[in-house]
Amino acid sequence: MKVDIRLSVLMGIAALTMLMPSAPGRTFEARNDPKETAAPREITPRGELAADERATIDLFERSRNSVVFITTKQAVMDFWSRNVTSVPRGTGSGFIWDDAGHIVTNFHVIQGASEASVKLVDGRSFRASLVGASPEHDIAVLKIGIGFKGPRPIPVGTSGDLKVGQRVYAIGNPFGLDWTLTSGIVSALNRSLNEDDGSLLEHLIQTDAAINPGNSGGPLLDSAGRLVGMNTAIYSPSGAAAGIGFAVPVDTVNRVVPSLVRDGRYEQPSIGINVDERLNERLEEATGIEGAFVLRVAKGSSAEEAGLKGAKISREGEFFGGDIIVSVNGKKIESVSRLLATLDDYRIGNGSTRCEAGRQADRSRGAIAGGRRAVAETRV
């Protein structure tokens with residue numbers, strides 16, 4: 001009886017084993033035919049590229065040769081040995097300005113560097129020298145090669161007629177990834193950006209084309225492949241692209257660069273007055289009035305001819321306030337940086353400004369008494 005029970009149990013286990021699915025490996029091997037081989041799938045014909053794709057590809061192929069990759073080094077002194085060595089400092093972008101080998105980039109790309117190298121798309125690398133810079137505009141000009149023969153200079157357009165919504169393209173070297181193309185639209189115009197040193201960058205183009213560290217100094221192009229701006233900054237708490245990038249307009253670049261090439265510096269237009277940003281902020285706080293406080297008027301200047309008056313301090317140390325410029329040609333002036341940026345719209349010797357000013361009649365506290373307002377016609 002015991003033997004029969006054991007036999008029945010064994011037969012039941014065997015039946016269950018036969019009903020259980022086979023192991024995956026054994027099933028795979030059983031279904032595979034050793035003579036069967038896998039082959040690539042047939043390629044589906046794509047057809048013609050869309051017209052806008054062909055236009056973008058053509059724009060990049062025409063423009064990339066005019067864009068350069070800039071690497072900088074910084075001289076560092078060893079504390080113990082006093083030996084000076086060059087260490088990598090950063091990378092950036094730039095573009096060929098003319099046939100003489102002038103390269104335009106951002107000032108902050110080469111700021112603090114002891115040397116810079118420029119690499120062309122064909123692989124050639126040149127040691128670059130600094131020709132001139134305008135920190136107020138974040139523009140610098142480098143020069144490469146004697147008898148330089150390279151790609152054609154980038155075509156120059158205008159920025160004064162840009163429209164919000166217009167398509168733009170950025171070419172640069174973000175994070176060292178050379179010759180990268182991104183696209184977007186003009187998101188806004190006439191943006192202002194305060195620099196760390198207190199200066200003000202005016203009339204900036206805002207774009208949502210992806211701009212990252214390394215794009216600085218690279219060109220912003222319109223759909224015709226013309227230069228309309230120079231990529232200069234991003235707004236991002238993380239430091240990466242957040243859809244808000246800024247570019248110096250080409251009209252500013254085309255005004256400043258020729259002076260840097262010719263003279264090595266850019267002389268900012270002036271009406272012949274002395275102002276000071278920090279003191280101006282204290283006076284604005286004390287008086288509750290926004291504007292540019294005139295501290296001194298240069299003799300023989302257009303400001304003197306126009307009747308503008310500067311502040312005075314008596315022998316007893318009493319402060320007599322002068323004029324406050326509150327607008328220039330109808331544009332509101334609320335700070336010294338705004339005044340300087342507004343005057344920069346004019347060329348030296350061929351412009352005039354109408355400065356609306358209020359006279360500080362009270363003394364010591366700098367409060368406005370009487371509220372004299374006058375319009376002064378001055379030359380730049």
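Predicted model: local features only at pLDDT ≥ 70, side-chain atom pairs only at ≥ 80, totals over all residues.
**Stop 1: Thr207**

Select Thr207, which is found in strand 9, residues 200-207. Is Thr207 buried or exposed? With a relative accessibility of 0%, Thr207 counts as buried, because buried means under 20%.

Now show the polar atoms around Thr207. A polar atom of the Thr207 side chain lies 2.9 Å from the backbone oxygen of Ile185. The side chain of Thr207 also reaches the backbone nitrogen of Ala209, at 3.0 Å.

Next, display the contacts of Thr207, leaving aside neighbours within four places in sequence. They are Val168, Ile185, Ser187, Leu220, Gly243, Ile244 and Gly245.

**Stop 2**

Select residues 245-249, which form strand 12. How many of the five residues of strand 12 are buried? Five of the five are, so the strand is mostly covered.

Strand 9 and strand 12 pair in the antiparallel sense, over three bridges. To find a point where they meet, pick Ile205 and its bridge partner in strand 12, Ala247.

With the strands still on screen, look at where the side chains point. In a regular strand, side chains alternate between the two faces of the sheet.

**Stop 3: the nonpolar cores**

Select Phe95, Trp97, Val104, Ile139, Val253 and Val257. Of the 26 residues in the largest nonpolar core, these touch the most other members. Several elements supply at least two residues each to this core, including helix 3, strand 1 (67-77), strand 6 (139-144) and strand 7 (167-172). Strand 9, strand 11 and strand 12 from the previous stop are also among them. Which element gives the largest share of this core? Helix 5 does, with five residues.

Another core, of 14 residues, lies apart from the largest one. To locate this other core, select four of its members: Ile70, Ile103, Val109 and Val118.

**Stop 4: helix 6**

Select residues 277-287, which make up helix 6, and colour its buried residues: Asn280, Leu283, Glu284 and Thr287. Why do they lie on the same side of helix 6? They cover an arc of only 105 degrees around the axis, which puts them on the same side. An α-helix has 3.6 residues a turn, so residues three or four places apart point the same way.

What do the buried residues of helix 6 pack against? They pack against strand 14 (292-293), strand 17 (319-320) and helix 8 (336-343). Turn the view to the face of helix 6 directed away from its buried side, and find the exposed residues Arg278, Arg282, Glu285 and Ala286.

Now look at the ends. At the start of helix 6, a side-chain oxygen of Asp276 reaches to within 3.2 Å of the backbone nitrogen of Arg278. Just after helix 6, Gly288 takes a positive phi of about 75 degrees.

**Stop 5: salt bridges**

A search of the whole structure finds seven salt bridges.

- Select Glu53 and Arg46. They form a salt bridge, and their closest N and O atoms are 3.2 Å apart. Glu53 is partly exposed at 33% relative accessible area, whereas Arg46 is exposed at 53%.
- Select Arg62 and Asp58. Their side chains meet in a salt bridge at 2.7 Å, N to O. The two are four residues apart in helix 3 (residues 51-63), so about one helical turn separates them. Arg62 is partly exposed at 32%, and Asp58 is partly exposed at 38%.
- Select Glu115 and Arg127. Their side chains meet in a salt bridge at 3.9 Å, N to O. Glu115 lies in strand 4 (residues 115-119) and Arg127 in strand 5 (residues 125-134), so the pair ties together parts that are 12 residues apart in sequence. Arg127 counts as exposed, at 56% relative accessibility.

Key: Residues numbered from 1 in each chain as written. Heavy atoms only, no water. Buried < 20%, exposed > 50% of the residue type's maximum accessible area, 1.4 Å probe, protein only. Polar contact = N/O pair within 3.5 Å; in protein donor to acceptor, adjacent residues only side chain to side chain. Contact = heavy atoms within 4.5 Å. Arc of directions from axis to C-beta. Pairing = 2+ DSSP bridges. Salt bridge = Lys/Arg side-chain N within 4 Å of Asp/Glu carboxyl O. Core = buried A, V, L, I, M, F, W, Y, C linked by side-chain atoms within 4.5 Å.
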